Amino acid sequence: MLKTIRLTFLLLFLAVVPVYAAEAPAQSTQASQSTKSGQSININAKSCLLMEANTGKILLEENSHQQLPPASVTKVMTMLLIYEALDQERIKWDQMVTTSAHAASMGGSQIFLEPEEQQSVKDLVKSIVIASANDAAVAMAEFIAGSEDAFVEMMNSKAQELGMKNTHFKNSCGLDAEGHLTTAYDIALMSQELITKYPKVFDLTKVRLDKIIHRTSKGEEEFGLTNTNRLIRNYPGTTGLKTGSTGKALYCISATAERDNMSLIAVVMGAPDPTTRFESAMKMFDYGYANYAIMAQEPSGTHMGDVTIYKGKQEIAPVVIQKQQHVLVPKGKNITIENQVKLMEDITAPVAKDTKAGEIIYNHEGTEVGRGDLVIKDEIEKAEVHDIMRRVFSRWLSKNELRDQRQQPPED
């Protein structure tokens, strides 16, 4: 009887626990063991994944395709669409955003925006990135797309574009909602897109403390922002990225770090408490930096061969490396990277500068570890009739000179 009463009380208590999209009480989870490259580390979470951001290589994973609620890690996609809008100049940092009643009604982690309150895009983005503010996320979603629902459609469309096959968003901030699910792998994909395409986001994700000013009918009031990511101060090389927790999601993080030209993304979903979440990310970072290294290959502009240009003002064009590649390899004393150059045939003029003319493929012990484009260095115009006639005459003249040389008797 006593056990029944206790169980009933516990169920009633859990039914009224508030839901947060940043730091909230969590339930326990089971430990999982992640293995890669013959080693193992224990991660106490429902799923996890470690990716090298520049190459996209997965170094460590466990249940990485299991659909789970992501809490405020959702905001990685919100941030991605915000930075995309800024890059395309659809919005600007100094524009003012008016808070709707809907945005102001968001619970959980927030900066307590009031309906009709105005904040700049910059201050709202700061609030999202640093303090995981749900109200700021919704305000920006409405500002960009007209409504949160329209913005969520953009989020799901971008997810499909990035190959996030097991993701479906229901809101822009990460509050628990039926069907609001993603995976550790998909989180890594959107995190990779954000930090490699818009590295300026690190200007905010690395900030520990900041502030905004509330400007309402009551006057001005300062509001402090504290970074929810403890790794910023506890793990050397940390650059970001986003924490999150709700009653359903437990504790999650998409953490980023950079050392020795290697950029890592550590995703943890469903950890039982904040400490375990951060410790799990640090374990994965330690594993990555201890076992892998980045090796820079030939720099951009390196000449890698020549191609024939059909009907061009010049018949032969030099081919160069378009972008220097950095390949990921296991750490070891004698690491040898071999390259294989594949050039295209029958390229017809006119040819624009930086036209792709082939690929360079990098291999380590028979396994491809990277590849990059080879491009034609200079613009090549189409040959005119007189260019072709001059070329034909030059070839005829060279052929006759060679024939005459062969017909001359040998000298005594």
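Trainee: What should I know before I look at the model?

Mentor: Residues are numbered from 1 along each chain as its sequence is written, and side-chain values use heavy atoms, with hydrogens and water left out. The model is predicted: local features need pLDDT of at least 70, side-chain atom pairs count only at pLDDT 80 or more, and totals for chains, interfaces and linings use all residues.

Trainee: Which residues in the largest nonpolar core touch the most other members?

Mentor: They are Met-77, Met-140 and Leu-194, in a core of 64 residues. A nonpolar core is a set of buried Ala, Val, Leu, Ile, Met, Phe, Trp, Tyr and Cys residues joined through side-chain atoms within 4.5 Å. Buried means under 20% relative accessible area, exposed means over 50%, and partly exposed lies in between, with a 1.4 Å probe and protein chains only.

Trainee: Which element gives the most to this core?

Mentor: Helix α2 does, with nine residues. Helices (H or I, at least four residues) and strands (E, at least two) are DSSP runs, numbered from the N terminus.

Trainee: And what does Met-140 contact?

Mentor: Leaving aside neighbours within four places in sequence, Met-140 is in contact with Ile-82, Ile-91, Val-97, Val-121, Leu-124 and Ile-128. Contact means heavy atoms within 4.5 Å. Apart from this core lies another one, of 27 residues, among them Ala-255, Tyr-287, Tyr-292 and Leu-328.

Trainee: Back to α2. How many of its residues are buried?

Mentor: In α2, 12 of the 13 residues are buried. Met-77, Leu-80 and Tyr-83 are among them, and so are Lys-75 and Glu-84. The buried residues of α2 pack against α4, α5, α6, α7, α8 and β9 (238-246).

Trainee: How far does α2 reach from its first C-alpha to its last?

Mentor: The helix reaches 18 Å, close to the 18 Å expected at 1.5 Å a residue. The expected span is 1.5 Å times one less than the number of residues. After α2 comes Glu-89, whose phi is positive, near 60°.

Trainee: New topic, the open sheet. What is the order of its strands?

Mentor: The five strands are ordered β4-β3-β11-β10-β9, with antiparallel pairing. Two strands pair if DSSP finds at least two bridges between them. The edge strands, β4 (58-62) and β9, each pair on one side only. From one strand to the next, the twist averages 5°.

Trainee: How many bridges join β3 to β11?

Mentor: Six bridges join these antiparallel strands, and Ser-47 stands opposite Met-269 in β11.

Trainee: What about β9 and β10, over how many bridges do they pair?

Mentor: They pair in the antiparallel sense over eight bridges, and a hairpin of three residues joins β9 to β10. Leu-241 stands opposite Ala-255 in β10. As for cover, nine of the nine residues of β9 are buried.

Trainee: Which helix lies across the strands?

Mentor: Helix α10 (residues 274-291) lies across β3, β4, β9, β10 (250-259) and β11, running at about 145° to β11. Axes are lines fitted to C-alpha atoms, for helices over the stretch in contact, and angles run from 0 to 180 degrees between N-to-C directions.

Trainee: Is Asn-261 buried or exposed?

Mentor: Asn-261 is exposed, because its relative accessible area is 55%. This residue lies in the loop between β10 and β11. Not counting residues up to four places away in sequence, Asn-261 touches Asn-54 and Ile-294.

Trainee: And Asn-171, buried or exposed?

Mentor: Asn-171 is buried, with a relative accessible area of 10%, and lies in the loop between α6 and α7. The side chain of Asn-171 reaches the backbone nitrogen of Gly-174 at 2.7 Å, and a polar atom of that side chain lies 2.9 Å from the backbone oxygen of Leu-175.

Trainee: Last one, His-214. Where does it lie?

Mentor: His-214 lies in strand β7 (residues 209-216) and is buried, with a relative accessible area of 7%.

Trainee: With which side chain does the side chain of His-214 make a polar contact?

Mentor: The partner is the side chain of Glu-117, at 2.6 Å. The side chain of His-214 also reaches the backbone oxygen of Ile-111 at 2.7 Å. A polar contact is a pair of N or O atoms within 3.5 Å; within protein, one must be able to donate a hydrogen and the other to accept it, and residues adjacent in sequence count only if both atoms are side-chain atoms.
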